Structure formats: C-alpha cells, structure tokens
Amino acid sequence: MIISALLTTVGLNLLFTVLLFALYSILRKQPGNLSIYVPRLLASDGGTQTRAQFNIDNILPSVGWVRAAWQPSEEDLLASSGLDGVVFMRIFVFCLRVFSVAGIIGILVLVPVNYLGDQLSNIDFSDLPNKSVDLFSISNVDDGSNRLWFHFSAAYIITAFVCYLLYNEYKYLSAKRLAHFMASKPMPHHFTILVRGIPVRGGASISNTVERFFMDYYPSTYLSHVVVRQTSKLRHLINDAENAYRRLTHLKSIPRTTQNGVSSASNGRFLGLFRKKDPVITYTKKLEELEENVRLHQSEVNMAGEEIPAAFVCFKSRFGAASCINMPQSDNPTEWVTEPAPEPCDVYWPFFSTSFLQRWISKFIVFVASFFLIIIFLLVAAFIQGLTYLEQLEIWLPFLKNILKIAVVSQVITGYLPSLLLHLLSSQIPPLMKLFSTMQGYIATSEIEKSACGKMLWFTIWSVFFANVLTGSVTSQLQIILDPKDIPAMLAVVVPGQASFFIAYVVTSWTSVSSELTQTMAFLSHLFSCPCSRKESNGKINLPSISYHSEIPRILLFGLLGLTYFILAPIILPFILVYFGIGYIIYRNQLLFVYTPKYDTGGRFWPIVHNTTIFSLVLMHIIVIGIFGLKKLPLASSLILPLPILTLLFNEYCNKRFLPIFRAYSAEALIKKDREGENNPETTDFYEKLVTAYRDPALMPLRRSFTANGRHSPLLS
C-alpha cells in the first residue's frame, strides 16, 4: 500500500514540476510587466521593454532558458554573483558527483542484494503498511548473512570517495578565493578595521581619542577614521519621511480631471458645501515637516554627545589593517577591541545603537526562544508523522473514517500530505532564525545570515531528521537517548523505518525547488505593490537577492539523507539525484538572471558545507555500526569502528590546511597586493573615497522632497 502511495506522490510532484517549468518558460518570454521573473536581464537593458505584437511562440513552453542557464562558464557566474554564488553552485556539483557514484553502487548492487533477502518474508504487511519499502532496504537481509559484507564494503568506498571530493573542493575553492582576492580592485573593507571599547579619559571626545591613539602607534599606516554615532531616532524619522514620500508619489501618479485648466482635486467640495482637503497638499506639508525634523536631528547627531565608543579606522595598506587586527591593542583586553570591517554596503548600522547589556539580554532571549521553538516544532512533527498511519488518523479524526477508505485519498494523505505540511512549516523558520541572529548584535548582514545559516542547519537536522525519526517510530522509547552506548542500536532500528517518509519528503522538494523559478510570493507582492511603486521607483527595478541562510541548510539536509540512507535504503538515491539535478539548473538560472548579491563573504559558507558533510558521514558510520550489531555480524561492526575516527582525523587535517585561508588572507598575499598598488595612479582617488566610505547612511543627504516645478530638491542642505 505504501508503495502505491509513494507512486502517487511521485506522480503528483512530477506533474507539478513539469507545469512550473513550462509556466516559467512562457512567462520569461512575455513583454510588459513580468519583470519580476528576469529583473537582471531587464536591468541590463535599462529596465524597459517594448510591447511586441502577438506571437504564438510566446505562449508555447520551451527549454531555451535551460540552455541559457547551462552555457555560461564559472567565470561568468563569478562576475554575476560573486564568490558566494560560485560556492553555492559548487555544493550542487559536489552532491551530484557524490550521489551519482552512490546511486550506481546503491541501485546496481545494494538494492538487488536487499531484495533477494528473505528476512521480512513472514511479516504481515497489512499490519505495517509503512514498512513495505523495507523489501528494498537492509532490513530484508538475513541476520548473519555474508551478503552484509557488500554493505560493509560500500560504507568504506563511499566514505573514501566523499573525503576525496571534499579535499579537492576545499583545495579548489581555497585557490579560487586567493585568486579572486589577487584579481580584485582595492576594496574599502580590505583597508579598514572596526574598533570597539574605545576608552575616553580626560574629557576628550572619542574622535580625538582614536586619532591620537593611532597616530601614536600606527603613524606610518594610519589614514583616517569615522566615529559611529547614535542614529536610532534619526532612522525612525527617515523611515517616516520615506513613507510619506512614497504616498505622495503615488498620489501624484493618479490621473486627475481638470475643469478650465484647474484641478478638480484642489477645488472639490463635499456635497457642494465643504471644501475637501487635497491629499497631495497634506502629504507635501507632512513631508516638509519631517524633512525639517531630520535636518535638526542630523545636526544634533553630529555633535560629540551622540558618539558611540566605536569607530571605523582606515589604513594606507591592507597589511597595516590586518596587522592591527591580529594583535591586542591594549593591556586591558576589553579596550581597543579590533575586528575586520565588513563592506560598507554590508554594515548593519542598528547594531551600534544597542548597549552591551541589551546585547547580553538579547542573546539570552534568543537561547530561550530557540529552545521553545524546537519544542513546539517537535510536537508539530509528531502530529505530522501521525498522518502517515491510517489507524492513528482514524482514532484522531473518526468522522473521516469513511473518506479514508477511498484508495486515492488515503494514498495522498499518508504519502503526500505529511511531507507537504513539513515543507510549508519549515519554510517559516528561516525568517525567525535571521531575526534571532539580528538580535545577537552582529555588525554585518553577511554575519547575520551566516549565523542564521548555522542555526537553521542544526534546527533542520534536529527538527526535520531526528524529530521525524524518533516521533515516527519510538515515541515511547526516547529515554534510550540518555544512554549513549545504545544510540547506534536505537538509530539502526528507527532510521530505516522512516525511509518511505523521507522519500516522499525528497520528492515533494522537486515542486518546492521548482517554485523558485516562478517566484510565486514575489510575483504576488509585485502585482499588489505595482500601482504604488511604478512611479516612485523612476523606472528602477528592485533586484532581489538569494537567501543563503535558508537555501544552504535545505540542500545539506538532502545530502545528509542521501548519505544516511545509502546503506540502509538506497532506493532513495535516484530521487535525491533528481532533486540536485533540478536544483543545479534552476539556481544557475536564478543566480545569473534573477538574483543580485547583497554582499560577498569570499566563499566563507564552504566550511559550513564541509563540516556538515563530515557530520553526515559520521552519523552514517554510527548507524551502520548499530545495523551490523542488530544483524548479528559483530566482526563488521568492529571493522567499521576505525572509519569515523579516520573521517574525523581527515576533517582535522582539512581544518588545519584550508580553514585559515577562509578566515583571513596571508601576509604574503596582502603585501603582494599592496606592492601592486603602490604605482597605481588610481590609489589617491581611492584613499579620498575611503575616508567617507563608512559614513552612516542616516547622516547622508537624501533627496525626497518635491519642488514647485516637480524636480527633487535635497532633503538636507
């Protein structure tokens, strides 16, 4: 029965995936207001499109977009999406290579070996419909059978192959990161550091204290500095001014009838008695008042009393900035604390407006909130797992008993609905994790998303994998976890039992990743906001950016599922391989033609990928040790023991060999790059721009108010 439900799930998702592909190929060819789908292409053409005559080709699906996404080289991808985009696509390349080899071994060797066993021949499958996929799993191999040595050999082969690929990828991306740095133009964050904990003594201002300190200790390399100021109130005023400007622009874009050359809006009366206020005049006055408040508050902020004990300090060389970061600046470790500065566009300015006590309380709140979020999600996962059991569902909802007897309904509910619900719920978690990371006080948007990526990764592994494994089969035996020596045996029992659920989950992900093409939510937002934003944007297209903190954990979860079930239920491998194949084409298209990068960390997401893959391998080893113990093959369990140890030693070597390259650039690279720029005539211009690169945007002049002739006048004089 579960096989039929699984086939129903595969058929539905395959149909949805094909429809989404066809829809995108049609929408991509449409002229007019469908710019949400290919904004990068439209932006490169000046953001305009002419409306063409009707063409039958415009309403027929095609695969031209696939060819357009496939053909560009990695250098084109690097120029379009930065090194982070290259690293993101290398995850797909790595997974395709791993699961191509794993699929060959699993489908051609392990599946036939499993199917030819007769361990489950006496089990009544009408009582355990969710276990029917076990015919193709290791559970069907006889206890003590010599056929288990095929699985033993496969564990060593796939571990060696994955480690080989991990080493090559780490080596390749390390070289790519260094080459990208050496080929880059001078960037402000390479010459700048952030200094916090600035001590102020003798009534001196923070600005004078910073200048005196660095002129004393770094006279040859110090260039300038920018003190961070308290701008939280100013930001609220600017947001209010922006909202008023958007509303005013929208009102001005509405056509208004005229009588004798006079606008009816200005002379309109209510019931012929009372004059109605013109909303354009109302919002114009409101905007002028907000502008004046912003001007006054900016002048107040520029006073020394609004300074925060933090500053961006600029140097004349990259090596000078790096040398200042890598050593303590004071005998008191809480003073003159230095760290690398992010890119100017990457700085998260609201962080500086929070005190140390606020940040400490926020971290505690984040810890408590994360704990309760996991508990709530575990309860939800337990309910979702209950949907895979018809008997349990009939007990919970007895009024559905007759409906559940219909074959198609039961197949959809037990096969498709649970994985769909889990996908929908999981999609709501990344914004919460980003909010939690924002509260922790990171100074850069990239650091916020990296932190959110780590949180989301472990939340996904625990709440999607372990929660479904445990709540689905052994809810009454969770106390076994408290005894570590029983964990391999416990996982060996419960993990194979959830193979059918995770196969359905992977298949449902085909539709999920395909919906990335049509950008359904973004399209709806575009339609609803279009009347208000078309005029105010002055023809400029708002380019979206990819959310690495939500996409990378999702991809790595499927890598974990593939490695975990490679030995246990290799029938899942073709479905995972299809997911990575679809994702590779779709995300290449999105990175090249849809998304634009908000920041570039220089590929620093790859160590997260590497460490998660190592974790997946070790988890596979632990489960295999337990499986061989249950299958009464203790020799195989003993011989597998060195495998996780060797894997962890390999990981330690990679961390020593490659991880420092992703943390900071070497003195050799920095000095070489500085020497290249010594005779560059553009260096002087770069230094002039560097002085103001880290000025708070809230203190910059804004142009939002309208003059009488319709032109923009500066918000700040």
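Predicted model: local features only at pLDDT ≥ 70, side-chain atom pairs only at ≥ 80, totals over all residues.

Trainee: Which side chain does the side chain of glutamate 339 make a polar contact with?
Mentor: That of arginine 196, at 2.4 Å. A polar contact is a pair of N or O atoms within 3.5 Å; within protein, one must be able to donate a hydrogen and the other to accept it, and residues adjacent in sequence count only if both atoms are side-chain atoms.

Trainee: Where does glutamate 339 lie?
Mentor: In strand β8, residues 337-340. Strands (E, at least two residues) and helices (H or I, at least four) are DSSP runs, numbered from the N terminus.

Trainee: Is glutamate 339 buried or exposed?
Mentor: Buried, because its relative accessibility is 18%. Buried means under 20% relative accessible area, exposed over 50%, partly exposed in between (1.4 Å probe, protein chains only).

Trainee: What else is glutamate 339 in contact with?
Mentor: Leaving aside neighbours within four places in sequence, the list is Ile193, Leu194, Arg196, Ile325 and Ile443. Contact means heavy atoms within 4.5 Å.

Trainee: New topic. Which residues are buried in helix α15?
Mentor: In α15 (residues 429-439), they are Ile429, Pro430, Met433, Phe436 and Ser437. They sit on the same side of α15, because their arc around the axis is only 120 degrees. That arc is taken from the directions from the helix axis to the C-beta atoms.

Trainee: Why would a helix do that?
Mentor: An α-helix has 3.6 residues a turn, so residues three or four places apart point the same way.

Trainee: What comes just after α15?
Mentor: Glycine 441, with a positive phi of about 90 degrees.

Trainee: And where does α4 bend?
Mentor: At serine 81, by about 125 degrees. The bend is the angle between axes fitted to the seven residues ending there and the seven starting there.

Trainee: What about alanine 381?
Mentor: Alanine 381 is in helix α11, residues 356-386. At 0% relative accessibility, alanine 381 counts as buried. Its C-alpha is 9.1 Å from that of proline 418, 37 residues apart in sequence.

Trainee: Last one: how many helices and strands does the protein chain have?
Mentor: 27 helices and 10 strands. Of its 717 residues, 48% are buried.

Definitions and conventions: Residues numbered from 1 in each chain as written. Heavy atoms only, no water.
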